[in-house]
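Please read the points below alongside the coordinates. They are set out for a colleague who wants the terms stated before the values.

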Amino acid sequence: MEMAAAAGGGVEVEKGVMRVLLVDDSPVDRRVAQLLLSSDSCAGSFHVIAVDSAKKAMEFLGLKDGKAIDMVLTDYCMPEMTGYDLLKAIKALNPLKPIPVIVMSSEDEPQRISRCLNAGAEDYIVKPLQSKDVQRLRNCSTARPKPNKAVPNRKLLAPLLPPSAAGATASPSGRRASLAGVAMVLHSSSVELSQYFPLLLKLVVLVYAVLCVGELLHRWSSGGGCSLSARWCA
């Protein structure tokens, strides 16, 4: 039944659509991945071909010579032939231009992750596959991303917009980043001022001391002059 679904891999797909060979012996996990990659949130970016074993995946790749697949998404733990064995076999098919392989597993083990990445895996995803993982699949695929005409590029529009409009299109995260930048500038300014504060304080004290000495000299000179005049008159 699964190979019948795989036979559909020869069907022509729209340019830019990523053709994914999904390999998982679990019907539930396989279905979850299929529904996610076929959902409206993916905007038709993926064409999924599902098989339930690594051996069937190798048969499919052998028949198609790997040209009909942009990426292989495989489970790690499978009977007979594991996802790790499939990874090494796929990389050996065409060493000069290997098919990208992403390994999935329900266990987040550092040794297993390192093992797969060292064998040539483009990524390692913890199951079940979630919507946040879709962009990781796109980044690993050799196919060109399907252009999205519905959403304009705000970075390109920002220079053409007035400051008020450009600020209106900024995301909440962007506004938070801007506020954080302003806070950092103010903090650095306060740090610089604090470095000069002791010097300013000493200067103020020195000026005050000079004024006090000048006042004392003025009073002394005024008092001494008066006493001399009194003695002369006497």
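1. Contact is used throughout for heavy atoms within 4.5 Å. The model is a predicted one, in which local features need pLDDT of at least 70 and side-chain atom pairs count only at pLDDT 80 or more, while totals for chains, interfaces and linings use all residues. Residues are numbered from 1 along each chain as its sequence is written, and side-chain values use heavy atoms, with hydrogens and water left out.

2. The protein chain comes to nine helices and five strands, where helices (H or I, at least four residues) and strands (E, at least two) are DSSP runs numbered from the N terminus. Along the sequence, the pattern reads α-β-α-β-α-β-α-β-α-β-α-α-α-α. Of contacts between residues at least 6 apart in sequence, 70% join residues at least 24 apart.

3. Of the 234 residues, 28% count as buried, a term that here means under 20% relative accessible area, with exposed meaning over 50% and partly exposed in between (1.4 Å probe, protein chains only). The chain exposes about 15600 Å², of which carbon and sulfur atoms supply 63%; accessible areas come from the Shrake-Rupley method with a 1.4 Å probe, and for residues only the protein chains shown count as cover.

4. The UniProt record, an unreviewed entry, places the feature "modified residue: 4-aspartylphosphate" at Asp75; its positions are given in the numbering used here, feature names are shortened, and annotations may be inferred rather than shown by experiment. Asp75 lies in strand β3 (residues 71-75) and is buried, with a relative accessible area of 5%. Neighbours within four places in sequence aside, Asp75 is in contact with Val23, Asp24, Asp25, Gly83, Met104, Ser105 and Lys127.

5. Which residues line the largest cavity? The lining consists of Asp24, Asp29, Val32, Ala33, Met104, Lys127, Pro128 and Leu129, and its largest share, three residues, comes from helix α2 (residues 27-37). The structure holds one cavity of 30 Å³ or more, and about 40 Å³ of space lies in the largest cavity. On a 1 Å grid over the protein atoms alone, a cavity is a set of points where a 1.4 Å probe fits but cannot get out, and lining residues have an atom within 4 Å of a point; grid points are joined across faces, edges and corners, and the volume is the space filled by probe spheres set on the points. The lining divides into five nonpolar, no polar and three charged residues, with Ala, Val, Leu, Ile, Met, Phe, Trp, Tyr, Cys and Pro counted as nonpolar, Asp, Glu, Lys and Arg as charged, and the others, Gly among them, as polar.

6. Two backbone features deserve a check. The peptide bond from Lys127 to Pro128 is cis, with omega near 0 degrees, and Pro128 is found in the loop between β5 (123-126) and α6 (134-140). Glu80, in the loop between β3 and α4 (83-93), has a positive phi of about 65 degrees although it is not a glycine, and Glu80 is exposed at 72% relative accessible area. Most residues other than glycine have a negative phi, and most peptide bonds are trans.

7. Leu22, placed in strand β1 (residues 18-23), is buried with a relative accessible area of 0%. Residues up to four places away in sequence aside, Leu22 touches Arg30, Ala33, Gln34, Val48, Ile49, Ala50, Val51, Leu73 and Met104.

Notes:
On a 1 Å grid over the protein atoms alone, a cavity is a set of points where a 1.4 Å probe fits but cannot get out, and a pocket is an open set with protein on both sides within 12 Å along at least five of seven lines; lining residues have an atom within 4 Å of a point.
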